[in-house]
Structure formats: structure tokens, C-alpha cells
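Q: Could you take a close look at one strand here and walk me through its surroundings?
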Amino acid sequence: MSQAPLAFRAIVLLFVLDAPLFGVATVVTVSGRQLLVSGQPYTVQGVNYSPTPVGTTVGATAASCTGGYQWWADPSTYNSDFPLIRRMGANTIRAYGILNDTSATQQQYVNAMLDAAAANGLYVIMNHYPSHSANPANAGQQAAWQAEFVAGINAYENKEAVLIWEFGNENNLDNGQFGGWYPLVNTIAGAGQAADANHPIMTVEGETSLIAYSVGSAARSANDASMTNLDIWGINAYRGTSFRGLFESVVTSTTKPVLITEFGKDAYLDSSAQENQTLQATHLSAQWQEISSHLSANDVTKPLVGGVVFEWTDEWWKDAGANTCLQHDTTILFSRPLVTEDPGYNDEWFGLAGVSPVNAISNPAGKARSLRAGYTTMQSFWNPSALASASASGSFFSDIVRNYPNPFRLGRESTKFVIQATVAGTVNLSVYDAGGHFVTSFKAEVTPPARTEMFWDGYNGQGQQVSSGLYLVRIEGSGSGKKDTQFRKVVAVK
């Protein structure tokens with residue numbers, strides 16, 4: 001029986017499986033205006049995460065849209081995204097509606113996702129999304145919302161990645177117009193606190209030119225004296241490159257910590273009718289610098305515990321027009337006249353990562369990504385050492401090359417390798433069996449900052465399907481004077 005080359009056998013001996021160890025629930029508290037994680041001041045460097053693929057929608061199936069997409073049930077997506085989000089320097093993601101359904105199947109999905117988040121050093125803001133079309137005055141509806149919220153807390157309170165329990169989003173714009181809304185939120189927050197004393201409770205406000213934030217309003221029972229069970233106020237704010245006095249007004253409205261739960265700018269410039277990454281990046285830079293100057297982690301008298309960028313990827317389903325899920329629409333959702341450089345905000349263009357159209361060969365699932373300049377802008381604030389090392393080092397890959405699914409099923413699917421490179425160049429993948437015998441190879445050209453995906457379908461170089469078992473993949477990248485090699489262990493099953 002022939003033996004593998006010595007160098008390759010050394011690789012086999014040194015190769016280790018990724019085996020993260022997960023801890024117990026993290027204790028998160030509020031002290032004054034500070035958010036404390038395990039007793040230490042914590043600044044949320046977050047990204048809103050709702051990576052809906054092209055061709056799908058979070059709602060019901062309709063026209064060109066495959067409905068009911070839930071990203072936490074799609075590990076191939078979040079396992080690809082989480083390392084990129086963490087490498088950007090984010091420490092938190094915000095998950096809309098994740099507490100609305102706590103069925104056994106949903107808990108299995110969410111628990112696996114929370115373990116993946118913890119393995120990547122990410123905390124999760126766990127949102128319950130009360131319907132904006134339901135009747136908030138209905139006692140049965142109120143009881144259902146409270147029961148769902150508490151059930152979600154009971155299901156996940158012991159997970160290491162949980163940061164904050166969040167009830168509602170942009171309440172003041174609709175449900176908050178009901179006179180009993182904020183007393184209801186306070187009651188539900190109290191039920192949440194009774195269920196779990198180790199994580200704070202938050203609710204979130206939005207703004208339009210016609211409806212103001214309710215934070216601190218005695219008339220709506222949204223002042224500190226009334227909201228005794230609420231720990232944190234969340235605020236979504238879109239005011240251009242400046243927050244225009246928002247933080248100063250918050251100081252006089254509440255003594256509670258405030259998290260900017262949504263901020264950012266779309267990457268579509270209406271006046272030129274085309275994508276403009278510089279527009280988005282310029283806004284994000286100015287916005288984060290202003291948030292940074294109001295952080296309570298640095299000064300206990302300041303009101304903010306951080307900010308959450310809106311959002312990780314574009315979502316093509318959001319415009320309500322025909323063929324909406326397969327077309328990157330440019331409809332303006334809302335306008336801010338004071339943002340003179342581009343007053344229109346295009347709902348399908350907010351991603352730090354763009355997504356590509358569905359293509360039967362190269363992008364069949366509608367998930368291919370291209371990192372925008374906004375990504376590196378936030379990385380320059382949140383993880384500058386990674387940005388500098390990627391530019392200055394000899395490394396070709398800017399992150400670990402991962403593959404999903406793994407194991408993968410022969411004859412029914414391919415395993416996908418996700419590559420992020422620092423420079424343009426070539427990636428070669430060589431597959432070997434467990435004995436070190438060559439199986440097949442393939443290559444791809446990469447051009448940063450786009451994420452490149454390569455697939456192995458389980459066939460060897462002669463077009464024959466391989467047997468079930470363990471395979472080792474050598475991944476070599478080279479270009480612009482940089483060269484890098486990584487290895488992955490892949491399991492093929494029938």
C-alpha cells in the first residue's frame with residue numbers, strides 16, 4: 001500500500017477540527033447609563049442581521065418570492081457570515097422576531113445559532129416583534145404577546161450569546177399611538193425581569209417627520225417614573241451624517257441607557273441612479289464618530305451604550321412591487337430633506353454587503369455577497385488591527401476559509417468553500433482522501449472585496465463519485481506577491 005508524502009502526513013497530524021467550547025449564560029446588567037457584561041462596561045458594536053437571500057421574503061410566499069425565510073434555520077448562511085461580521089470588529093448582532101415562535105423545532109434552530117454566535121465572539125439582541133397591524137388594545141392580544149416574550153426568555157436565558165431581550169420595534173409609529181401601550185410595555189418588561197434577572201429588557205422607538213420619539217413622555221406614560229421595569233431605550237435614527245442634537249435631547253428625556261438600534265445610509269445615489277459606496281461609507285464614518293463621543297463606557301455621564309448598523313446585507317424583497325424578490329428595486333422608503341447630498345433612503349440598498357442576482361450556475365441560492373466600502377469603514381473603527389494586518393502582511397486570505405455543509409451528502413448537494421482574499425489573485429483547491437491520495441482539484445479567480453464561493457460536488461477528476469469518508473482539502477491562494485495556504489477537513493456521506 002502506497003504511503004502519503006511525509007509533508008502531507010504531517011499536515012494530517014497537525015490538522016484539528018474546530019471544536020468550540022461553550023460557556024454558561026453571560027450575566028448582563030445595567031448600572032446608571034452603562035451596560036455591563038460580566039461586570040465590565042460594554043459598548044455595543046453591532047449590525048442588524050436579516051440576511052434574506054435574493055428570491056425569498058420573510059413574509060408569505062407570493063409571485064416571485066419564496067416566503068417564510070428564517071435565517072436562524074439556515075446555518076450555511078450564518079456560519080459564512082458570522083466570521084466576516086466578527087472580523088469587521090462587530091461584537092453584537094440584532095435579530096428581529098427571533099422570540100416570536102418558541103416551538104421545539106424553532107428552539108433547536110435558535111440554540112444552534114446562538115452556539116455559533118458564541119463561537120465567533122458575538123452577542124445577540126433577541127427581539128420579539130409584536131405585529132404592527134394587530135389591535136394593541138385587545139386584552140387577548142396583549143396576553144399573547146407577553147406569553148410569547150416570556151416563553152422566549154425561558155427558552156434561551158441560559159445561552160452564552162444572549163445580550164439583551166428586546167420587545168417591539170419602532171413602537172411609537174403605530175402601536176405606541178394606543179394610550180395604554182407604554183404601560184403594557186412596562187408590564188411585559190416586568191414579566192421578563194421576573195423570568196430572567198441576568199439580562200436587561202429593552203424597547204425600541206423609531207422616528208418620522210410627523211411622529212416624535214415617546215422617550216420621556218409623561219403624557220404617554222413613557223417617562224422614567226412610569227417605565228420602572230424597562231432597562232434600556234433603543235432608538236432608530238436616520239438623520240444623515242449628523243444626529244442633529246438627538247443625543248443631547250435624550251439626556252434630558254431619560255436617565256436610562258440608550259442604544260442606537262439602527263443607524264446608517266443606503267448605498268444608492270438617486271441623483272445618479274446607481275450604487276455609490278462612498279456615499280454610504282461617508283455617512284457611517286461620521287455617524288459612528290458622533291456615537292463614539294457619547295459612549296457611557298468612556299464617560300458615565302454620557303447616554304449611549306453603542307450603536308447597531310443597519311444592516312448586514314441588502315434585502316431585495318422589501319419593495320412591494322411586482323417581481324420584487326428578484327429585482328433590486330430603487331423605490332424610496334422615506335426622505336430626509338436636510339440630507340441634501342441624497343435625501344431619499346432606498347430600502348433595498350442598506351447592506352454593508354451587497355447580494356447578487358440568482359444565477360442557476362454560480363449563485364443558485366441567491367446568497368453571493370460583495371463587501372462594500374462601508375464594511376472596511378466600520379472595520380477601521382472596530383478592528384483596525386485586522387484591516388492593517390490584511391493590508392500589510394503577506395497573507396492572501398483575510399479570514400479562515402470555511403466550508404458548508406460539512407458533512408455533505410454525496411449525490412444530493414455540494415460543499416461550499418467561502419473565500420475572502422486581501423488582494424486579487426488565484427485560489428486553488430486540491431482534494432485528497434484520508435490516505436493522502438489525490439482526488440481532484442479546481443481553481444477560481446478572486447477580486448476583493450467580493451466574497452468568492454467554490455464548490456466541490458463529491459466527484460473525482462475522472463468524473464466518478466467518491467466514496468463516503470474523510471477528505472482533506474488544501475487551499476492555496478496567491479496574487480500580488482502574497483501567498484497563503486490553509487487546510488480543511490471534509491466529510492462526505494451517502
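A: Strand S7 (residues 162-167) pairs with S8 in the parallel sense over 3 bridges, where pairing takes at least two DSSP bridges between two strands. Strands here are DSSP runs (E, at least two residues) and helices are runs of H or I, at least four residues, numbered from the N terminus. Between S7 and S8 the chain passes through helix H5 (residues 181-195), a right-handed β-α-β crossover; that is, with the strands pointing away from the viewer, the path from the first strand over the helix to the second runs clockwise. Glu-166 has Met-202 as its bridge partner in S8.

S8 also pairs with strand S9 (residues 232-236), again in the parallel sense, over 4 bridges. There, Val-204 sits opposite Gly-234.

How covered is S8 (residues 201-205)? Mostly: 5 of its 5 residues are buried, meaning under 20% relative accessible area (1.4 Å probe, protein chains only; exposed is over 50%, partly exposed in between). Both faces are covered, with Ile-201, Thr-203 and Glu-205 on one side and Met-202 and Val-204 on the other.

A word on the ground rules: this is a predicted model, where local features need pLDDT of at least 70, side-chain atom pairs count only at pLDDT 80 or more, and totals for chains, interfaces and linings use all residues. Residues are numbered from 1 along each chain as its sequence is written, and side-chain values use heavy atoms, with hydrogens and water left out. The protein chain's mean pLDDT (the predictor's per-residue confidence, from 0 to 100) is 90, and 93% of its residues reach 70 or more.
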